[in-house]
Amino acid sequence: MDVSGGSGQPRPGNEKPTEHPTVPTTPATEPPGPQPDDAAQPPTADGADSPTRPEPKPEPTTPAEAEDKASAPGGEQDTGDTPAPGTTPAGHPEPDPAPGFDKHPDRSHAAAGIAKGQPPVRPKEPGGGLLMGRPFGVPVYVAPSWFLVAALITWVFGGQLDRVLPELGAARYLVSLFFAVAFYASVLVHELAHTVAAIRFKLPVRRIQLQFFGGVSEIEKEAETPGREFVLAFVGPLLSLVLAGVFYLAMQPVRPGTVPGVLLAGLMISNLIVAAFNLLPGLPLDGGRMLRAVVWKITGKPMSGTVAAAWVGRALAISVLIGLPLLNQSGALGSGNEEINGMDTVTDALLAAILAAIIWTGAGNSLRMARLREHLPELRARNLTRRAVPVQTDTPLSEALRRANAAGARALVVVDADGNPLSLVREAAIVGVPEHRRPWVSVGGLAQELTEGMRVSAELSGEELLDALRATPATEYLVVEETGEIYGVLSAADVERAFVKAMARPA
């Protein structure tokens, strides 16, 4: 089976900015960094200190907020004893930070994921286990759980070999280990079939992972048509059936009751089981994706197909939980009643529970992923952009924050004498500077130099916006109009918060 990736859980919170300059002294449970909602015009290019303001207001939303789990604040500090060149306190009173410059910046795992270049819609994940190679440029990992399953297969198949080939003795476990590796090689071929089809349809594949009870191909985008979705799902079971046929043909010249004969028979049967299991019509199995494609084709709505296939998958999970132990006890799976003892019953129940949990969880994840894709177009750079004020590089931080407060802005852009943007003042760096030091610290020392990838168009939305953020990891981005004029500053944390609000609304 394959899983369309997507990724991640951005942080909650899209509140309107507060009307006062005070800042909470503790993280509290309310997410910091409210979302912009003020309409204004972008600044002129003359470098004046007029605020940069986005025009449209984001549409109001009322989903339930996820719990904020902010951690300790971070960011670099300028604690030198010498004032920055060209800066003095100038008699300005020390203001509190402007709305949006929180003392406890949003440092959730999801926010850190965007800052480090991980997809904003998916939490940062480990590599996936032991890297085995990169066929077709796609990394293949073996998860730690695979070793547990390989040991289990070796033990179970070794017991069967002891009955069929007792002369092997302890060597039967080496043969069983070879069977476990060959079986998962067949699973890898199954997943590579999905990968090749995805590449053929120009769909990015993040990775293949061999894990507990099979493998997963993480395809990051959805097929454009139901026909492609059907083909993408069907090629996996088809390759498993082809492998079963290959092993059957290889058995013909081999004498039964020998090690090669037993291995080939076991691989043939196991591939038939893999194909049959994956053809069951419920998500997250390949048969569920095929059912989704059929319903999508009939209704014209991919979400309808996902809902239908996911609920069939949940029904299938319940059927496996109840039916698998009953079938095994009845002897329908090849065991006579006299061979079943208490340990066999417990093992059957445990196996059924694990399989049912995997199917049920996968069906739920498929529903959430479909809702994710449905709400992606709601993420618009223009609506999420913060107001910004342009300041010179030697402007004291206290003065820059005073101007931001006066303009109702929530970001600072360092510009040259002609008004051309040079860098963005990092919010984490601002909140890391003690208030008594702010008159002596210039904004230039807290700014991150702008790279080409940190300039994003105000017209970006949905997956295009997320792709732009993934391409250049940063915490803030300069948003510009098509003419090149500054529109404002986009915070990665704001994108995450808006995403969670969209995901909280029913499909």
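1. A residue is called buried here when its relative accessible area is under 20%. The model under discussion is predicted. By that criterion, strand β11, residues 476-480, is mostly covered, since five of its five residues are buried. Both of its faces are covered: E476, L478 and V480 are buried on one side, and Y477 and V479 are buried on the other.

2. Strand β11 belongs to an open sheet of three strands, ordered β10-β11-β12, with mixed pairing. The edges are taken by β10 and by β12 (486-491); each has a single partner strand, so one side of each is left without a neighbour in the sheet. From one strand to the next, the twist averages 35 degrees.

3. The two pairings of β11 may be described in turn. With strand β10 (residues 455-457), β11 pairs in the parallel sense, over three bridges. In this pairing V456 stands opposite V479 of β11. With β12, β11 runs antiparallel, and five bridges join the two strands. Here E476 stands opposite S491 in β12. Both V479 and E476 are among the buried residues of β11.

4. Helix α13 covers residues 492-504. At 1.5 Å a residue, its 13 residues should span 18 Å, and the end C-alpha atoms are 19 Å apart, which agrees. The helix is mostly covered, with 12 of its 13 residues buried. A second open sheet has four strands in the order β6-β7-β8-β9, and its pairing is mixed. Strands β6 (389-391) and β9 (447-449) stand at its edges, each with a single partner strand, so one side of each lacks a neighbour in the sheet. Neighbouring strands of this sheet are turned against each other by 40 degrees on average, direction ignored.

5. The bridge partner of L424 is Q448 in β9. Helix α10 (residues 397-407) lies across β6 and β7 (412-415), and runs at about 155 degrees to β6.

6. Which helices do the buried residues of α5 pack against? They pack against α2 (144-164), α3 (172-200), α4 (226-251) and α6 (286-299). The buried residues of α5 are G261, V262, L263, L264, G266, L267, M268, S270, N271, V274, A275 and N278. Helix α5 has 20 residues, 259-278, which at 1.5 Å a residue should span 28 Å; its end C-alpha atoms are 28 Å apart, in agreement.

7. The count of aromatic pairs comes to five. In one of them, the rings of W146 and F147 have centres 5.0 Å apart and planes at 80 degrees; planes over 60 degrees apart count as edge-to-face, so this pair is assigned to that class. W146 is buried, with a relative accessible area of 12%, whereas F147, at 44% relative accessibility, counts as partly exposed.

8. W146 also pairs with Y184: the ring centres are 5.5 Å apart and the planes stand at 85 degrees, so this pair is edge-to-face. W146 lies in helix α2 and Y184 in helix α3, so the pair ties together parts that are 38 residues apart in sequence. Y184 counts as buried, at 3% relative accessibility. Ring pairs link W146, F147, F183 and Y184 into a cluster.

9. Two arginines lie over aromatic rings. R314 lies over the face of W311, at 4.7 Å from the ring centre. R382 lies over the face of Y487, at 4.9 Å from the ring centre.

Key:
Residues numbered from 1 in each chain as written. Predicted model: local features only at pLDDT ≥ 70, side-chain atom pairs only at ≥ 80, totals over all residues. Heavy atoms only, no water. Expected span 1.5 Å × (residues − 1). Buried < 20%, exposed > 50% of the residue type's maximum accessible area, 1.4 Å probe, protein only. Contact = heavy atoms within 4.5 Å. Phe/Tyr/Trp six-rings, centres within 6.5 Å; stacked < 30°, edge-to-face > 60°. Lys NZ or Arg CZ within 6 Å of the ring centre and 35° of its normal. Pairing = 2+ DSSP bridges. Axes fitted to C-alpha atoms, helices over the stretch in contact; angles between N-to-C directions.
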